[in-house]
Protein chains: 2
Amino acid sequence: MPGPGPTIADIARAAEVSTATVSHALNGTGRLADGTRRRVRDTAAALGYGARGPRTRTRTLGLAVTTYAGSAWDFAGVAYFSRLLTAATSAAHARGYALTTLPADRGAEPLWHTLAVDGMLLLDSPDGDLVLRALRARGLPVVFDGRPAAPRPDDVWVDNDHTATTRAVLDHLAASGARRPALHSGYGREHYTAAVTSAYAQWCAERGVPALVIPFDPADTAGHAFDAAFAAPDRPDAVYSVYDPGGHQVLAAAARHGIRTPQGLLLVCASEDAGYADHEPAVTTVTLNPERIAVVAVSALVGIIESGQAESPGQRTVATGLRVRTSSRPPDMY
Amino acid sequence: MPGPGPTIADIARAAEVSTATVSHALNGTGRLADGTRRRVRDTAAALGYGARGPRTRTRTLGLAVTTYAGSAWDFAGVAYFSRLLTAATSAAHARGYALTTLPADRGAEPLWHTLAVDGMLLLDSPDGDLVLRALRARGLPVVFDGRPAAPRPDDVWVDNDHTATTRAVLDHLAASGARRPALHSGYGREHYTAAVTSAYAQWCAERGVPALVIPFDPADTAGHAFDAAFAAPDRPDAVYSVYDPGGHQVLAAAARHGIRTPQGLLLVCASEDAGYADHEPAVTTVTLNPERIAVVAVSALVGIIESGQAESPGQRTVATGLRVRTSSRPPDMY
């Protein structure tokens, strides 16, 4: 078994530049003279960096969330990701692979060029994902959780039907009496956010309902983003909060404004957090089925690694589930 | 950054032997001529394999369960390990490290010699652990969850006080009326099983109570191991089941024998599985606090990696908790 190929430092030494310059040259970032960029890339190619063809097997899969939204964050602390991570670990181990999870932190980027893995699971890869570019340059197989921004013909990704799910949630809220449902969304640049927000806008347009998107911020634990909307005379009478911690933020804001749920405000949250079931009132949740996503994604990635190509490129769609609880039931049903 | 050091294949080529011979020579296993073993080890040393001193940083921690009990198993499917894994992932990422989890499978052993990590968390390392021997040969820092079988003076491990916890559980059962508590234990060869079983025997001896250890088997979902004991006239009136799935096995066996809990049988299970709280009757559990164990272990390991030595060798003790529920309450209290 030969080693995992040249490192950034190997290329830097051979090209007589700094490792930062190598990183910029390979990523297409920074301000480099064209000649320097070309020389680094030629050197990297000469050393076999990113070469396609039979590669050393590490029996290791990588897993990373690459929507950073500007700063490091603890994705394993979010129920969706921790449940996906546990299931992906079991699935990888069952196939005899180790699983490496990377910090969701731009400071981890040097790792991307040297990481010894046979393939990567990228979760929520955003438009212009530099990590993805580095992996593609190395010729590493990638399977996505969430449709990538610019899929290639042979890409494989696992996703839910976010349009259908969003419409089902809004139809459910309307059936429970909502006339002005707001969307709590807009964080991150990955496909999920775009798909949900666009489906919401379309649904509102079809019904002639004004669309109101309240921006989500993970640090806004008291839900201050809702203050203006909840104080307005035409305030929303329902909220679909599309990220895991969002429901708690909505409830905190509603309590501050003296609005009861579900009497004055219906609430649905996309979440895998079991705590919503124990909340008073119990909160209706949408599950995206992360355990199933993990199993399908690991299976697809191992298939590509072991056969050299995807059996069938494109999307593997995993069903979602709506768990209706008190927070979104009409007054006569709870 | 130089590469991660010579691989088994590099050593095999240089010493002109097979990779299996290298593995045997470095592990001290197999039947090799002394000259061959010496030549392989000298070659490995000459190539810098396992050399101490400043090593290449991979910014990656490894995590593995090394009590295999003879076959591959899905440790991430057990609540204790999945919760520890999630917390270890968050803690590693917060320090800027990736985290690699290895399959609990003897077939993964080739990985141990080449794995590119800065240090390892070993969970439930048993007596004679070959993985530990391979890591020690490479000079890799190791922190243990669970006291290792033969600690070295500079070893660091995180553990609970299993003697005190077991005595507290048995005292609780006795206070609830138990006169013949049985122990459901005996699986695996790691410290936890030995410590709990020994504390149980001691407690029984002190009180002149007969000790009855029912062997746990993960495949025994119906709890057939209890059939003989539950059919006997002097059957146990309480069980402390010391592994996560054991409580369900005890309840299945009790139901088959027409024994109600807690009226005819008190039950406590060491488990992090939230399902026991929702069971009818709700099952008393002991939590070993895996999230806290993970945080303490990651912090200790990163400290050793970054400073080159343990600040204070020995045990870090993490508190346990007893969540008393219906299954172990005396008849007049539920």
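Which residue of strand 2 of chain B does T101(A) stand opposite? In this predicted model, the residue facing T101(A) is L99(B).

The interface as a whole brings 29 residues of chain B into contact with 27 residues of chain A. About 2,100 Å² is buried between the two chains, and carbon and sulfur atoms give 61% of this area. The count of salt bridges between chain B and chain A is 0, whereas 7 residue pairs are in polar contact. On the side of chain B that touches chain A, at least two residues each are supplied by helix 1 (8-15), helix 4 (79-94), strand 2 (98-101) and helix 5 (109-114). Helix 4 of chain B provides the largest share, with 6 residues. By class, this side of chain B has 12 nonpolar, 14 polar and 3 charged residues.

Chain B also contains an open sheet of 6 strands in the order 7-6-8-9-10-12, with mixed pairing. Strand 7 (213-215) and strand 12 (321-323) of chain B each have a single partner strand, so one side of each is left without a neighbour in the sheet. On average, neighbouring strands of this sheet are turned by 20 degrees against each other, direction ignored.

Within chain B, strand 8 (residues 238-241) and strand 9 (residues 266-270) run parallel and are joined by 4 bridges; A238(B) has L266(B) as its bridge partner in strand 9. Helix 10 (residues 246-256) of chain B lies across strand 6 (181-185), strand 8 and strand 9, and runs at about 155 degrees to strand 9.

Key
Residues numbered from 1 in each chain as written. Chains lettered and ligands numbered in written order. Predicted model: local features only at pLDDT ≥ 70, side-chain atom pairs only at ≥ 80, totals over all residues. Heavy atoms only, no water. Contact = heavy atoms within 4.5 Å. Buried area = accessible area lost by both parts, 1.4 Å probe. Salt bridge = Lys/Arg side-chain N within 4 Å of Asp/Glu carboxyl O. Polar contact = N/O pair within 3.5 Å; in protein donor to acceptor, adjacent residues only side chain to side chain. Nonpolar A, V, L, I, M, F, W, Y, C, P; charged D, E, K, R; others polar. Pairing = 2+ DSSP bridges. Axes fitted to C-alpha atoms, helices over the stretch in contact; angles between N-to-C directions.
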